[in-house]
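Subject: The two-chain model, with notes

Hi,

Here is the structure I promised to send over. Have a look at it first, and then read on for what turned up.

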Amino acid sequence: MVGSTIDGVIIIDSSGRPIIQSNFRTTFPSYPLVHIDAFNDALAKCSFHSDLDPVLHVSAAASDERHTSACCHLEHGGLRFLCPVSEEADPLFVFSFLETFIRTLQEYLGDVSASSLKDNFDVVYQLLEEMLDNGHPLTTESNALRDIVLPPSFFNKILNVAGVSGLSAATPTPFSSPIPWRKSGLRYNANEIYFDINEEVDTIVSKTGGVLSSSIWGIIKCNSRLSGTPDLHLTFTNPKLLLDPSFHPCIRLSKFASNKSLSFVPPDGNFTLMEYRVDTAPISQTATGAPQIQQLPISLKASIQLTDFGGNFEFVLSTRPSVKVLESVVFTFFLGHTSTSANCSCLVGGGPIGMNDGKKEGSWNYDPRSQVLAWDIAQLTTNPIILRGSFTSTEPHARPARSVKIAFQMPRHSLSGLKVDQLKLTGEMYKPYKGVRINSSGKVEWRMQTRHVSES
Amino acid sequence: MDTALSSLSENATRLGMRLQETISEHTRDLAIVGRSSGASYFDSSDLRNIQRHLDSNHDREKLEAMKRLVAMISKGRNVSEFFAQVVKNVASNNLEIRKLVYIYLLRYASQEPDLALLSINTFQRDLADGNPLIRAMALRVLSGIGVHMIGSIVVLGIKKCAGDVSPYVRKAAAMAIPKCYSLDSSHFSALLPILTTLLKDRSPLSIGAVAVAFNALCPDRLDLLHQHYRRLCRVLVDADEWGQIELLDLLARYARTMLSKPVVEKLETEVDTSSFGPQNISSEEVDPDLTLLLESSSPLFQSRNPAVVLAVFRVFYYVGPPSGQSKAVPHLLRLLHRSPQIERVVLENLAVVGRESPRLLMSSMNRFFLKADDLVATKRAKLRILVTLVTPENVQTLLREFTDYVEDTDDAVVTDTIYAIGHCAQHVPESTESCFTALMTLIKSKHDVTVSTAVIVLKSLYQSQPASMDSAPTFAASPKIISRLARRLDGIKHPQARACVLWMVGQYAPTTEGTKSVIPGVADWAPDVLRKAVKSFANESSAVKLQTLNLTSKLLTLAPTHTTLQLLARYVFTLARYDLDYDVRDRGRMLNTLLAGLGTGITNIEEEGRLGGVVLRREQVHLVLFEGKGISPVGLDRGPKNQGPIGSICLITGKGIYGDRALPEWPDEGTDPSLRETEDDHPPAPGYAQGASSRIMQGFGSSNMPSSSHPPSPIVLTPTGPRGASPAGSMPRQASAPVNKTPWKDLDSFYAESEESSEEEEEDEEEGEEEVDAGEEEVGPSGEGVVLSARQEESDEEDEEEYDEDEESEDEEDGMEGSDLLARHRS
């Protein structure tokens with residue numbers, strides 16, 4: 001056997017017990033259990049979840065090569081999805097399938113959690129049966145799947161009670177559509193299509209405040225509710241920005257290659273149309289230092305002093321003058337595996353003391369389980385705000401993270417300046433309602449200098 | 001959305017009301033519809049009514065019973081006792097019941113083969129159903145229930161479905177072939193003609209499944225693909241994403257077996273590695289059929305599925321010419337953003353690229369910078385890549401990065417980073433000075449791991465550059481560094497690191513001529529280290545004790561007449577004599593005897609009686625103890641250097657698992673392109689939605705391929721025999737396999753040959769892997785091999801062993817091996 005096969009899928013809950021197990025046909029009976037045990041053991045050994053390698057090597061009692069396997073796993077919604085693989089395969093193949101499977105579950109169940117799986121386990125089993133056949137992905141397009149596995153809904157439940165199968169009634173001809181990702185015979189009273197362009201800048205800032213690496217990642221999500229078989233043509237005013245794009249299978253790749261426009265027959269409902277990257281100024285030119293910093297919408301002054309059994313810190317946060325407002329700013333600082341508590345105060349800098357109305361400066365919280373100090377700021381402006389405080393540690397030399405992370409939102413703002421030029425529809429007579437929305441967000445990792453101050 | 005929902009619920013309520021009026025018994029059940037009932041099935045373990053419900057006349061009760069059974073299966077309970085009742089429902093008109101029955105059946109049929117036979121008739125009938133969904137499902141269950149007796153029925157079913165009008169059913173037929181074959185391999189001869197029929201399938205929907213079947217049934221019969229190769233290339237872009245992965249795999253193997261290797265000619269004989277790029281390659285001679293594969297697969301770099309992207313990358317990296325590799329890398333880099341799991345896996349694949357051709361990653365170095373919230377495995381993989389990218393130009397940038405990473409919260413990452421700094425010092429001489437400064441700063445760290453790793457790395461650096469003491473100006477400061485290390489001995493807790501410091505102190509204690517010191521010939525800082533070490537001797541670990549003994553002997557050799565040293569030595573040797581560890585006792589005795597010739601009076605030979613033998617002079621002892629060090633450079637490359645081809649599990653885990661993803665070696669000479677010529681070598685009508693395939697065709701057809709007006713190829717090579725025999729010359733010419741000139745041969749000889757050739761291919765694969773191994777070792781800066789000079793004494797040998805940082809070398813075996821090696825060397 002040369003191709004890649006997945007032996008099955010196991011979903012286990014947060015306490016390590018299996019909820020769903022697909023059929024393991026070709027393996028010995030204890031095979032799924034061996035993997036569940038191996039996973040739980042590996043998890044128990046790790047002090048932190050991030051220590052756990054996503055691909056585990058599992059060997060059954062025998063040291064024979066035939067009895068060794070790998071277990072690929074990922075976490076979603078408090079559940080762990082395990083995929084045992086007993087023959088050499090590409091782990092990306094396994095993770096791609098798991099991601100597709102989870103995406104389908106989300107479409108079917110809304111939120112994917114232990115309780116939603118238990119409520120709809122029959123649907124989950126049917127999905128697994130349709131999606132994975134003898135270790136090979138079979139039908140994974142959600143438009144095709146909805147024809148053969150009915151999503152759980154109030155209506156369907158009533159039909160079930162009545163003893164009528166929703167399947168035969170709702171779908172007289174599954175797979176009748178010539179386009180795998182689109183159902184045939186769709187009808188809407190109001191034809192609408194919405195595009196959501198979300199961009200995220202991902203930046204690492206050095207101790208001295210220089211940008212070490214920065215990329216903008218964009219994703220265009222689409223919600224299509226169009227009748228018939230519409231043929232869409234989407235153009236951008238500045239398509240040259242788009243780098244390393246990836247597309248939904250519906251996009252005609254040749255059209256994009258020739259004139260950088262998107263030509264496609266959309267699937268029905270929600271889907272991800274494309275993803276792309278936008279280059280920020282090439283990093284090689286910034287070896288000299290400062291100029292690139294303008295790209296960063298946020299400014300941070302940090303000072304951390306480590307003392308025996310803990311430390312003190314002060315962070316001053318504001319936006320850069322070029323940016324007026326950042327929303328939902330979340331500042332997180334991992335205080336180290338040995339940290340036990342933190343005590344802080346948030347202040348508004350610059351203004352008089354009476355200005356503190358408890359909103360502008362945000363609120364802080366220390367989670368003793370994840371040992372992360374979080375500082376939530378609803379709105380950050382050019383007016384600096386300050387987080388000052390101290391933390392304690394069980395070890396004499398605390399070891400907090402070497403950087404803080406700052407996440408923020410910039411609604412109705414485009415980081416890259418990408419603009420939709422026009423959307424043309426051919427193949428159908430109606431005029432659809434079109435909508436485009438652009439949102440941006442950012443993730444900044446800011447490295448810091450820590451100073452050791454010994455009291456003794 | 002809201003209107004749709006409300007109309008739906010309105011419909012539902014209306015229907016509910018009607019039902020309520022007409023069917024009185026259902027009213028009770030409708031009341032419970034509101035709350036979700038799935039969880040209640042899941043939580044109850046009540047099996048009492050299941051049997052009655054399964055036999056009931058109402059679909060609703062049957063459905064409930066089936067749901068409960070599936071819930072039991074889910075909880076891991078064995079519910080095979082209901083098999084007989086469940087099988088009766090296999091012909092239910094309710095599709096949902098049927099599907100649940102199928103799920104049940106697939107799980108237990110192999111345990112109850114006799115009862116399972118009851119259902120066969122229904123499936124056979126279903127194979128002729130008007131609904132393609134029913135036909136496909138019937139075949140899937142039929143082939144999946146795993147009952148040996150019905151093997152031939154399954155084959156018939158597959159054959160029937162392979163000719164179905166619906167591509168979905170044909171897909172199911174292709175998917176059933178591996179199942180049928182793995183159940184009973186005797187069906188091979190019946191399945192092969194079905195597969196050859198399916199290979200001709202024009203629908204992109206089913207072609208991926210056909211590739212799956214091909215890979216399972218006859219992965220080595222690549223000669224069957226000649227006639228389909230070009231069409232498969234063209235249809236690639238239209239296949240579903242999972243099919244694309246299988247197809248790419250299959251086509252890559254075909255190309256590596258049947259096409260000639262791209263020939264690259266370089267204009268310049270000596271190409272500078274830093275500017276080595278595609279523009280320097282003057283000409284590349286690529287088989288047009290290979291170009292077709294590359295051109296038709298390159299659009300798939302834009303797939304949303306990461307596995308497809310990696311599959312295309314494999315094609316470009318392992319099959320394509322070097323010029324294509326640089327174009328392929330950005331697509332792989334894009335995947336790093338996808339998810340932590342995918343990032344982890346992709347990085348390991350990029351590490352292979354980094355090791356084999358670092359120039360491809362050079363321009364995107366900053367995308368491998370570590371983030372604080374990366375997975376630990378991700379951080380370590382990134383470090384491994386960064387280390388391969390170190391050049392004199394970027395070493396300062398990387399060194400700054402590394403010094404930042406040293407403050408990471410994970411010890412493994414810290415350790416790897418310090419080794420990476422050591423690697424820079426070793427490989428980029430320009431940076432040695434700053435690396436040493438960085439390492440010395442780390443010695444002051446408050447963290448045990450940082451300090452001990454820094455010490456070990458420093459020691460390795462000293463060891464690997466034995467001439468440093470005297471010649472290289474960059475090391476002029478080295479005695480100072482060691483004296484600083486010596487002063488920090490109290491702060492260094494890690495036994496290995498302590499042992500390292502002691503060794504270095506001993507090794508670099510001799511002063512150069514003309515330097516003034518309190519004890520002539522011994523550096524001023526050394527004796528105090530000995531004093532400290534001796535003081536804590538009793539509580540040290542064995543590694544430190546051994547080094548304390550070495551240090552004592554070395555200092556005593558330098559100043560044999562110094563009374564304090566003599567006293568210290570006598571004390572230490574006495575302690576060692578009664579140590580719990582036999583290694584320490586042995587070492588003590590050995591060194592004690594070695595020093596006998598110094599006349600220091602510390603030896604206890606008199607007590608043990610004259611042993612006879614040779615007594616060494618002081619110069620000889622000096623030679624034994626000090627010279628010949630640093631001959632075994634200690635590798636500073638850390639972490640698992642995983643072997644394995646791109647896109648495999650063993651690349652990630654570092655441990656072998658059944659199967660092999662390596663591609664076969666190139667043939668000596670590719671097969672004749674006319675084998676691949678078919679009547680329809682003209683652009684096919686554009687696919688149902690994709691226009692991409694036609695574009696590729698035009699670009700290709702214009703140059704090398706016969707146009708549509710070209711008369712069809714006179715040789716009709718389509719296999720006509722029922723077993724799909726292949727014409728001669730359709731296999732690539734291998735050095736050991738002579739080409740048979742007869743155009744057709746009888747079946748027996750054909751099979752004999754194909755077995756032979758498949759064996760050869762296996763061998764080839766193995767060879768390929770070995771070559772990869774060898775290549776890896778070359779990349780590493782230092783082999784583990786210890787080169788022993790003949791003048792070395794056994795004590796040296798043991799010394800070396802001891803300092804091999806990876807081993808504690810306390811066990812006897814190591815010593816044995818060492819002396820064996822020595823003996824062999826001497827003879």
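Predicted model: local features only at pLDDT ≥ 70, side-chain atom pairs only at ≥ 80, totals over all residues.

Chain A has 456 residues, of which 45% are buried. Its secondary structure comprises eight helices and 23 strands. Chain B has another make-up, with 39 helices and two strands. Of the 827 residues in chain B, 46% are buried.

Contacts in both chains reach along the sequence. For chain A, take the contacts between residues at least 6 apart in sequence: 70% of them join residues at least 24 apart. In chain B, residues 24 or more positions apart account for 69% of the contacts with a separation of 6 or more.

**Sheets in chain A**

Let me start with the five-stranded one. This open sheet runs in the order β2-β1-β5-β4-β3 of chain A, and its pairing is antiparallel. At its edges stand β2 (18-21) and β3 (55-59) of chain A; each has a single partner strand, so one side of each is left without a neighbour in the sheet. From one strand to the next, the twist averages 25°. Inside this sheet order, β4 (residues 68-76) and β5 (residues 79-85) of chain A are joined by seven bridges in the antiparallel sense. If you like to look at cysteines, C72(A) stands opposite C83(A) in β5(A).

A second open sheet has four strands, ordered β16-β19-β14-β23 in chain A, with mixed pairing. Here the edge strands are β16 (339-348) and β23 (450-452) of chain A, and each pairs on one side only. The twist in this sheet averages 20° from one strand to the next. Nine bridges link β16(A) to β19 (residues 385-397) of chain A, again in the antiparallel sense. C344(A) has G389(A) in β19(A) as its bridge partner.

Strand β10 (residues 231-236) of chain A is worth a stop as well. Which strands does β10(A) pair with? One partner is β21 (residues 420-426) of chain A, antiparallel over six bridges, with H233(A) standing opposite K424(A). Another is β12 (residues 262-264) of chain A, antiparallel over three bridges, and there L232(A) stands opposite F264(A).

**A loop glycine**

G185(A) sits in the loop between α7 (166-170) and β8 (192-205) of chain A. Is G185(A) buried or exposed? G185(A) is exposed, because 11 other C-beta atoms lie within 10 Å and the cut-off for exposed is 12 or fewer. The C-alpha atoms of G185(A) and S227(A) are 7.6 Å apart, although 42 residues separate the two along the chain.

**Where the chains meet, and the helices of chain B**

One helix pair brings the two chains together: α4 (residues 121-131) of chain A packs against α5 (residues 59-74) of chain B at an angle of about 75°, with the axes 10 Å apart. α4(A) is therefore roughly perpendicular to α5(B). From α4(A), the residues F121(A), D122(A) and Y125(A) take part, and they meet K67(B), V70(B), A71(B) and S74(B) of α5(B).

Within chain B, the axes of α10 (residues 132-144) and α12 (residues 167-183) come within 9 Å and cross at roughly 0°. These two helices, α10(B) and α12(B), are therefore roughly parallel to each other. Among the residues making this contact are A136(B), L139(B) and R140(B) of α10(B) and A172(B), A173(B) and A176(B) of α12(B).

**The nonpolar core**

In soluble globular proteins, nonpolar side chains tend to be buried together. The largest nonpolar core in this model has 317 residues. Those with the most contacts inside it are I158(B), I177(B), A213(B), I421(B), V455(B) and V505(B). Leaving aside neighbours within four places in sequence, I177(B) is in contact with I158(B), L191(B), I194(B), L195(B), A213(B), A216(B) and L217(B).

Best wishes

How values were computed:
Residues numbered from 1 in each chain as written. Chains lettered and ligands numbered in written order. Buried ≥ 20, exposed ≤ 12 C-beta atoms within 10 Å, placed from the backbone. Contact = placed C-beta atoms within 7 Å. Core = buried A, V, L, I, M, F, W, Y, C linked by C-beta atoms within 7 Å. Pairing = 2+ DSSP bridges. Axes fitted to C-alpha atoms, helices over the stretch in contact; angles between N-to-C directions. Parallel < 35°, antiparallel > 145°, perpendicular 65-115°, else oblique.
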